[in-house]
Each structure stands twice: as structure tokens, then as C-alpha cells.
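Visitor: I would like to know what stands behind the labels used for this model. Please take me through them.

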Amino acid sequence: MPEIKELVKQLAERHGRNRESLLPILQGIVTEERSISDVAMTEVAKELDMSAALVYGTATFYSFLDTEPRGKYVIRLCKTITCDMKGKRQILKSLEDLLKIELGETTKDKKFTLLETNCLGWCHKGPAMLINDDAYTELTPEKVSEIIGDYMKNK
Amino acid sequence: MPDKRLKRVDLIFSDESVCRDVLADSLKKSNDDILKGILDSGLRGRGGAGFPTGLKWKFTSQEKEEEKYVVCNADEGEPGTFKDREILTKVPLKVFSGMAICAKVIGAKKGFVYLRGEYQFLRKELNKALDNFHALVKELGFDFEIKIRMGSGAYVCGEESALFESMEGKRGEPRNKPPYPTISGFRNKPTVINNVETLVYSFMICRIGAKKFQELGTADSRGSKVFSISGDTPIAGIYELELGMSLEDFVEEFGDGDTKAVQVGGASGLCVPRKKFKDTIIGFEGVPTGGSMMLFNSSRSMYNVLKNYVEFFEEESCGQCTPCRVGCQQLKLGIESVKKGDKPASYLKTLQKLAETMKVTAKCGLGQSVANSFSSIVDNFNEEMIY
């Protein structure tokens, strides 16, 4: 995987090669690839001259540093009680129907992954979700189908 | 009985254009004068724990180290809290200016904002605000630089020592305390770590003076506080209110007329049932909060609320210490078993004992505070846990 090697190198150039650079580098990989593969972790370990176990241990601690393959767009639906009270379960059902996958799965074309997450900080405008880094709030089934339709068509 | 009534205040979100003058003024003042102001104001940390801000600054300023840091804790993860996002969106320059004043007092040249991964979308605007800020401090001839570090979706990183670990590129596992951050924080150097809101209040105290700030609130809870109000309320949102009001006043203003309970302080806070609204003061002498206020009306099952909280803790526990790691799992399994009828109702008492044990044995605030919501919900809504 020469591309991963190149990416890790670029990120190390930008963030440095010490322990403190590890998190920014891993975050950089997720921004580009949506998840961190075993190969990527080994590359990071080599580049930063540390053990791969250390890289793995750090990456797996953080819920946004996915180490399993993810789609191009990772959807994280907030599951905190306040979003739940505003109809989160209905939104989840809409998302599952639209994407034809269940919670935790990735679509066959590797475009979408559907996950739940803890409080996103939009409790006054629930239900809320993130698609990669962008927040969508006050969701309704209609709004969700519009948003997902737009991603399917235009992105 | 509380003697304060609900009163809206406008300190935090007031005009940002004062930053230049206040900062220029403060940089000319002596460190002792600024410290005295913050100490006299009675300001306590707005993240939830409520440690006196002035003391934090004072202790750090007394350390004889070359390298010191100011860290802004923007890892707002407590369920039901969203005030820091609003503050960073609307008045970032006030946050940065608060950090600069702190840096002057303690003798730091570098500051960091640790921003939660969920708020990555704020980054662009924050960088712009940072550019303006850096131009301003340069113009004022003050040597101070702020960098932003991102979190990656771990609630426990809001705990100060876990946050330092994360900034150092490690797993966000809380450290043993002492030593406290004022002696050994980021990179094991003396560090002041303040919540976003605390930094803005520190800045505002430099602007309006300790006396004016002190006039607000009560003896234990000086000043005002930004509340994040959500749940069964027709007017969910962000409100800055004077501290010390009764929960009854609060519910009258924000409730939907059918409020049966308010969770004060998020998943790690206390659940107050209707019959106790009147005698509950919102503040450090009563029920403190980092800002999260979730209202529940009588259509809600408090079992579902508790289960949601316990699941949250089980997921977010860092797993480092046994009381929290195993305790959270057992609390979740326990309430499920009682609900299903696999365990007798009396088993809830055993679970409460477990939660109390976690309070005294868990390593950090996360595990220690599970008992707050657990016991207050089980005590006050016992029958809802069983039937």
C-alpha cells in the first residue's frame, strides 16, 4: 500500500515524529481514509519509531479512531436520552431503510457506515447526527431522506 | 430556603469588542491585583467540579518552573451540555483573552484548547478567531501563543489528567492524583486547566470587577452560570442565569407544566423529583451542575433514562480501574435483571451499595459520579425500576 505510506509520511512531516504527534497523525489518517488499517498502524509505528502495539493501543481507545473498515461517509447518530426522547429511534429506522443496512454496517458500495454515538452536544436540537465532521440537527424522517439523497447523488 | 429568584444575566455573550481594551488593561496590571480580583470574586470552576479558579491560578503562579501551560478544556461531553460550543461559536476571543490573562499571571507562554472531536466543524472559524487573537497579543507586545488540539470521541478525556494524557498522544486514562495539575499537568509541567466558561468569567471579572460579580449568586455560588436546557421543555436552549435559584423557579420558567423530574448536571449529576423542587437550590450549596439541565415530564420512563445513563458510563469507562469497569457493567446488567423479574426488587439495594462502593474506590470522577444519577433515580423512582 504505497499510498498509505505516503500519507503517513506527509502527516509525520506536518505534525512531527514524537509521541505527541501520534494522535494528530491518526486523526489525519481517519480524515483521509475514514479508518485506520493494520497496515497504516504499522506504518505509523515505523515512521514514529515506536511499537505497533502502542499505536494500536492508542487508536483503539478513541471511538472516532475507527480501526475497522468504514464507508466514505460515516454517520453517527446521537443516542443520548434527550435525542432519544425527540424521536431518535424513528430516525434510525429511516436511515436503515434508506441505506438498506443495519446499525453498525457499511453499505455494499462502501459509501455509508451507520453508527451510534454518545452525546453530540445538540440536545436542544435533537435528534442530531454527524456525517463525517458535519452536524445535522432537528432531524425528521423527511429531512433525513433529503440529506441522504443529497449525499447519494452529489457526493 | 433559597432567597434568590430566577434572573437572566448577560455577561458571557455580551459584546466581544471589549477584548482589546480589557486585555491591554489587564496586561498592565500587576499579577497580584489580577489574582486578588479572581480570588475575591469567588469564581468557582464551571465545568462541574467547582474548584476555586483563583486558587488554581495562584498555586500555579507559585511554582518555580520555566515551562508552564494554560489549557482550555473544551471537551464538553457530559450528556445534556452544549454551552461550550455556543461560547466558542459566539465569543471565542473572550475565551482566548481569558487564557492570555491567566498566562500572564502564572507565567506561561503557551496555551492549548482541547476541543472534542464532535466539534471538528468549529475548527475553521476558531482558527480565524485565533489569527485575530495572535495579531492582538503581538500588537500588545505579549508573548503568548494558543494551539488547538483535537479529541477523538472519548468522554473521559474531559477529566483533566486524562486530557493531558490525550494531548501527549496517549490513551486518555486518568492519572493518579496528587500531584495535581497546578504542580504537574501537561508534559508534567505546572498547568492551569479551566473550562471554556470559567475562562470567559475570569475575563469578565477583569472587565467588571470582582465586586459586581460577587453581587450575583450566593455565598457558596458567586456569579452566574450558563445552562444548557433540554428535554421536555418548550424553550430548550442556552440561558445564562444567576446562581442560587430554586429548582421550582427554574421549572416554572422552563418546564412544560408536567415536569416530574430534572436531571441536574447530566448523567453524572443528580436526579431531583417534583416533590423536592421547592427545597433544591441550584448551586454548590444545593445541587451543582456543569450546566446540563434535562427535564422529564410524566410521560417518560425513568427506567429508560437510567438505563441510557448506565449504558453511557459503561461505554465511556476507560477500563483502567476495576470498580468503574466492572461496576458499570454490573449496574447495567442488574437493573435489566430486576426489570425482567430475574432478580427481586431488593436487588436494587445491592446495586446501590455497589454504586456507593464505586464512589469511594474508582480512580477518577467518571466512576465516582455514577452513583449520583444511579442512586437518585433508583431512590426516587423505585417502582419504575421494578414494574
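What follows is a short exchange on terms and the values behind them.

Guide: This is a predicted model, so local features need pLDDT of at least 70, side-chain atom pairs count only at pLDDT 80 or more, and totals for chains, interfaces and linings use all residues. Residues are numbered from 1 along each chain as its sequence is written, chains are lettered from A and ligands numbered from 1 in the order in which they are written, and side-chain values use heavy atoms, with hydrogens and water left out.

Visitor: What makes Lys79(A) and Glu315(B) a salt bridge?

Guide: The rule asks for a side-chain nitrogen of Lys or Arg within 4 Å of a carboxyl oxygen of Asp or Glu. In this pair the closest N and O atoms are 2.3 Å apart. The pair therefore meets the rule. Across the interface of chain B and chain A, three salt bridges are found.

Visitor: How many residue pairs are in polar contact across that interface?

Guide: There are 22, both residues at pLDDT 80 or more. A polar contact is a pair of N or O atoms within 3.5 Å; within protein, one must be able to donate a hydrogen and the other to accept it, and residues adjacent in sequence count only if both atoms are side-chain atoms.

Visitor: What is the area buried between chain B and chain A?

Guide: About 3100 Å², with 55% from carbon and sulfur atoms. Buried area is the accessible area (1.4 Å probe) that two parts lose on being put together, summed over both. In chain B, Glu118(B), Ser152(B) and Arg171(B) lose the most, together 18% of what that side buries.

Visitor: Which domains does chain B have?

Guide: Domain 1 (16-214), domain 2 (224-297) and domain 3 (302-377). Such bounds come from an automatic or database domain assignment. Between domains 2 and 3 of chain B, about 820 Å² is buried, 69% of it from carbon and sulfur atoms. On the domain 2 side, Ala267(B), Ser268(B) and Cys271(B) lose the most area, together 54% of what that side buries. Salt bridges between these two domains number zero.

Visitor: Why is Lys110(A) called exposed?

Guide: Its relative accessible area is 56%. Buried means under 20%, exposed over 50%, partly exposed in between (1.4 Å probe, protein chains only).

Visitor: Where is Pro178(B)?

Guide: Pro178(B) lies in the loop between H7 and strand S4 (191-195) of chain B. A cis peptide bond joins Lys177(B) to Pro178(B), with omega about -5°.

Technical notes. Helices (H or I, at least four residues) and strands (E, at least two) are DSSP runs, numbered from the N terminus.
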